[in-house]
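Please look over the model below before reading on; the text moves from the overall form of the chain to a single side chain.

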Amino acid sequence: GDVDRVEINEAFAAQFLSCAKELDLDMNITNIHGGAISLGHPLGASGSRITAHLANEFSQSDGKIHVGAACIGGGQGIAVVLERV
C-alpha cells in the first residue's frame, strides 16, 4: 500500500482491534514496536510519543509515508501523516 508504518495509540485492546479490523490494517507495519498498552500511555503526551516514534522510524527504514492516530474522549480522534521528502 501507500503507507509504510502505522502507529495507533490504543487506549484499550478492544479499541485497537476494532480499528485494525475496520481499516484492514497490515499488522506487519502497525505498532511494530508495541503501542500504548506495552509502552505506556503518557497523559497529555501520546501525540508527541507517536510523532517522535514515527519520525524516528524514517531513520530505521526506507519508508516514505507514516501515519499515526489516537482516540480522544467523547468519540473523537486525531491523526497525523508524515512524509519523507
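What radius of gyration does the protein chain have, and what would a compact globule with 85 residues have? The protein chain has 12 Å, which agrees with the value near 12 Å for a compact globule with 85 residues, where the radius is taken over C-alpha atoms and the globule rule is 2.2 Å times the number of residues to the power 0.38. This is a predicted model, in which local features need pLDDT of at least 70 and side-chain atom pairs count only at pLDDT 80 or more, while totals for chains, interfaces and linings use all residues. Residues are numbered from 1 along each chain as its sequence is written, and side-chain values use heavy atoms, with hydrogens and water left out.

Along its principal axes, the C-alpha trace spans about 35 × 25 × 20 Å. The protein chain contains three helices and three strands (DSSP runs, H or I of at least four residues for helices and E of at least two for strands, numbered from the N terminus), and these elements follow the order β-α-α-α-β-β from the N terminus on. Of the 85 residues, 35% are buried, meaning under 20% relative accessible area with a 1.4 Å probe, protein chains only.

His66 belongs to strand S2, residues 65-72, and is buried, with a relative accessible area of 0%. Leaving aside residues up to four places away in sequence, His66 touches Asp4, Arg5, Leu54, Glu57, Phe58, Ser61, Val80, Val81 and Leu82, contact being heavy atoms within 4.5 Å.

Methods. Buried < 20%, exposed > 50% of the residue type's maximum accessible area, 1.4 Å probe, protein only.
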